[in-house]
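Student: I have a new structure open and would like to walk through it. Can we take it step by step?

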There are 2 protein chains.
Amino acid sequence: MTDTNRQWLLRDRPTGAFSEEHVELVTADVPTPGDGEAVVEVTHLSMDPTIRGWMQMDTYLPAIPIGDVVRSLGVGRVVTSRSDRYAEGDLVSGLTGWQEYTVADDGDRRLEVLPAGTDPLVAVSLFGPTGLAAYFGLLRVGAPEAGETVVVSGAAGATGSVAGMLARHRGCRVVGIAGGPEKCARVVDEFGFDECVDYKDDGFRHALRDAIGPDGVDVYFDNVGGPILDLVLARLAIGARVVICGAISQYDGAERRGPANYVNLIRSRARMEGFLVFDYVDEWPQAYRDLAGWAADGTIVNRLDVSEGIQSVPTAFAKLFSGGNDGKNVVAL
Amino acid sequence: MTDTNRQWLLRDRPTGAFSEEHVELVTADVPTPGDGEAVVEVTHLSMDPTIRGWMQMDTYLPAIPIGDVVRSLGVGRVVTSRSDRYAEGDLVSGLTGWQEYTVADDGDRRLEVLPAGTDPLVAVSLFGPTGLAAYFGLLRVGAPEAGETVVVSGAAGATGSVAGMLARHRGCRVVGIAGGPEKCARVVDEFGFDECVDYKDDGFRHALRDAIGPDGVDVYFDNVGGPILDLVLARLAIGARVVICGAISQYDGAERRGPANYVNLIRSRARMEGFLVFDYVDEWPQAYRDLAGWAADGTIVNRLDVSEGIQSVPTAFAKLFSGGNDGKNVVAL
C-alpha cells in the first residue's frame, strides 16, 4: 500500500471520439476510513462501453460530474475497515471508479463482497456489465430455445462471445458476426459458435444471408446497431426477439442512424427490447454462481485483454471503440 | 344484380406514390357458382394502407400477382349459393377484392358470415384491419393500465382514433398526434382524447414534450414511423411498450428512415413490437362483439369517409397516403 491515490478525473464531455484529453490524471491522498467505512485497494478495472455514455450525458444513471473520478466497475481488496460489512482481505466488486483506492460503506458507496476463493479476473469480467449483460440479455430477454437460430453481433467481444457460448449451451445454432478473419476464426474455434461472418468482407451481406438460412433469425443479440442491425431485421423469423444490448456503432461519434427495417417487426410479429443488468440485481448472486461454474467447466472461455497500470486506462478504454481489443478489456492496477 | 362485374386489376407495382396508373378497370361476367360455392355482391370495400404493401412485394402475404384483382377486405351479401355455409342474404366479410362480385367457398376463398343485424358500415370499418388493429394492438400488445400515459399517432385516422378511444375506455391519459388544427380538434372533441398535438405546427416538438409530461410515455401506438416515432422514443417511461401498428410515412415512397432513438429502448427497458391481426383470428368473434357493443353505446365514435362506386376506388385509396381522408376510408359500391 502506497500513500498516494492516482485518479482519472473527467475534464470534458466527449461528443465525438473519446480521447485521453477528456480526462486528467491527478494524485490524491489515500483515504482514511471513517466510522462504518472501509478502504479498498482497487486491483482491476473493467473497461465498458457504457462509461462513454456516462461521460457524455444523463442516461440510466446521471452523467459523471465534470471534475469527478470517472465512474467504473472494478474489483479490489479491503485494506482497512471500520465497517461490520467488510473485513480486511475481502474481495469486493462494484463502482470503484478509475482510481487506485476507494471508500466503501453500507450506503451509496456499497461494494459487494464476493465469495472467498473467487478469481478477481473472473469477477471483473464475467460478474461485470459485460458478463451480466450476456447472461440476462440472452437468457431472459432473448430466451432462446434449443434448436433456434441465434445471431450475435460483436461476437468476438466480451459480451457477444459469452452470449453466444450461453446460446450454444442452450442447444441453439449460433451465428456470430465479427470484424476480420482472425476474429471470426476465434469466434468459431475458441468460442465454439457454429459459424461466423466477417462484416468487413465484401461478400458480407450474402454470407450473412446464407449463414442465417431460409428460416430466419429467432434471437438476435445486438451489440452494434447501425447497418448490421438493419440487415438482420430483414431476416427475422416469425416471433423473433431482438435483444438491444448495445449499439457501439452509435456511441462514439455524432451521427446516429436508425434501423429502417424496424418496419419488419410487423411482418415478423417480432419485438425489439432493451434491458439493463441493474434491473436484475436480486438475481446477480445466482448469475455469479452460474457464470463462475461455467467458466470453471469450460462452457465459457473467458478471454481477457489485460492492460497494466492506472496510467494505461484511457488507452485501454479507447480501444473499445476502435475494435482494437482482443478479449474482455481489463486494466490490472 | 347486373350481369357485369367491374374489377380493378393490378397493372404495375408501385415503388413510389400509388396512382391510378398502377391499376386498370376491366369488365368481366358475374361469376356463376359451382358446387360448394356462393356468389357475393360486394357492397363495401375497406381502403387500408397494407394494400400498398401487397401491391409492391411479398410481405406477410404474397404480393398480388400482376393482372389479378387487387386484394382487399370488403363486405357483401350472398346473392346465390350452392354452399351449405352460405345462405342468400347473408352478410359476409373477408378478402373480396376490388370488384363488384366475388365467389366464396369453404376453402381459400372463405368469407365470414356476420351475425344477423350487423350494420355493414360497422363491419367494413371496425371489423376490418383498422378496427381489429386498434383492438389487438392496443389491448394485447400495448396492454395499457388505468392511469398510464398512452400516445397515439395518426390519431384522427381510422386505426388511431379507435386505439385512443379504447385507451380512454381503459382509464388511461391519451395524447393524440395528428396533422392540422381541424384534425386535432376532432381528436379531442369528437374522439375524446385528453390532448392532441399538431405535427404540422412549428412548435410541435415542444408541444409534444409538454403533452407527454415529465413521466414519459407508457404505451406508444404508432401508425406513422419516421421522425415522430423518433421523438416519442426519446420520451419513453421505464418499461414502455411501443406498438408498431404501421408506418405510413415509410410505405409510399422509396426512401425509408429508421428511428435513431431506438437506442433508448435500453435506458427505458422498453420494447418495440409488431403484430398482425391475422394472428388473433380465433379471437375475432369476441372482438366483433366488443367493437359492435362499443360502437352502439358510444364508447367508439365510428367516423366514416365514404366514397361511392367502383370507379372511385383508386382515388379513395390514394387519399390514405396524402392525409386527405376524413374518417375510416370506405367505398360503397
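Student: How much area do chain A and chain B bury between them?
Tutor: About 2600 Å², with 63% of it on carbon and sulfur atoms. Buried area is the accessible area (1.4 Å probe) that two parts lose on being put together, summed over both. In chain A, Tyr262(A), Ile266(A) and Arg269(A) lose the most area to chain B, together 27% of what that side buries.

Student: Before we go on, what kind of model is this?
Tutor: This is a predicted model, in which local features need pLDDT of at least 70 and side-chain atom pairs count only at pLDDT 80 or more, while totals for chains, interfaces and linings use all residues. Residues are numbered from 1 along each chain as its sequence is written, chains are lettered from A and ligands numbered from 1 in the order in which they are written, and side-chain values use heavy atoms, with hydrogens and water left out.

Student: OK. How many residues are in contact?
Tutor: 33 residues of chain A are in contact with 33 residues of chain B, where contact means heavy atoms within 4.5 Å.

Student: And how many salt bridges between the chains?
Tutor: The count is 2. A salt bridge here is a side-chain nitrogen of Lys or Arg within 4 Å of a carboxyl oxygen of Asp or Glu. Arg269(A) and Asp279(B) form a salt bridge through their side chains, at 2.6 Å from N to O.

Student: Which helices and strands of chain A supply residues to that side?
Tutor: Helix 7 (226–233), helix 8 (248–251), helix 9 (264–267) and strand 13 (271–274) each supply at least two. Helices (H or I, at least four residues) and strands (E, at least two) are DSSP runs, numbered from the N terminus. Strand 13 of chain A gives the largest share, 4 residues.

Student: What does strand 13 of chain A pair with?
Tutor: With strand 13 (residues 271–274) of chain B, in the antiparallel sense over 3 bridges. Two strands pair if DSSP finds at least two bridges between them. Arg271(A) stands opposite Glu273(B) there.

Student: Where does that put them in the sheet?
Tutor: The order is 10(A)-9(A)-8(A)-11(A)-12(A)-13(A)-13(B)-12(B)-11(B)-8(B)-9(B)-10(B), an open sheet of 12 strands with mixed pairing.

Student: Why is one side of each edge strand left without a neighbour?
Tutor: Strand 10 (195–198) of chain A and strand 10 (195–198) of chain B each have a single partner strand, so one side of each has no neighbour in the sheet.

Student: How do strand 8 and strand 11 of chain A pair?
Tutor: Strand 8 (residues 149–153) and strand 11 (residues 217–222) of chain A run in the parallel sense, over 3 bridges. Val152(A) has Phe221(A) as its bridge partner in strand 11.

Student: Change of topic: how many salt bridges over all chains?
Tutor: The whole structure has 32. One of them joins the side chains of Glu37(A) and Arg109(A) at 2.6 Å, N to O. That pair links distant parts of the chain, 72 residues apart.
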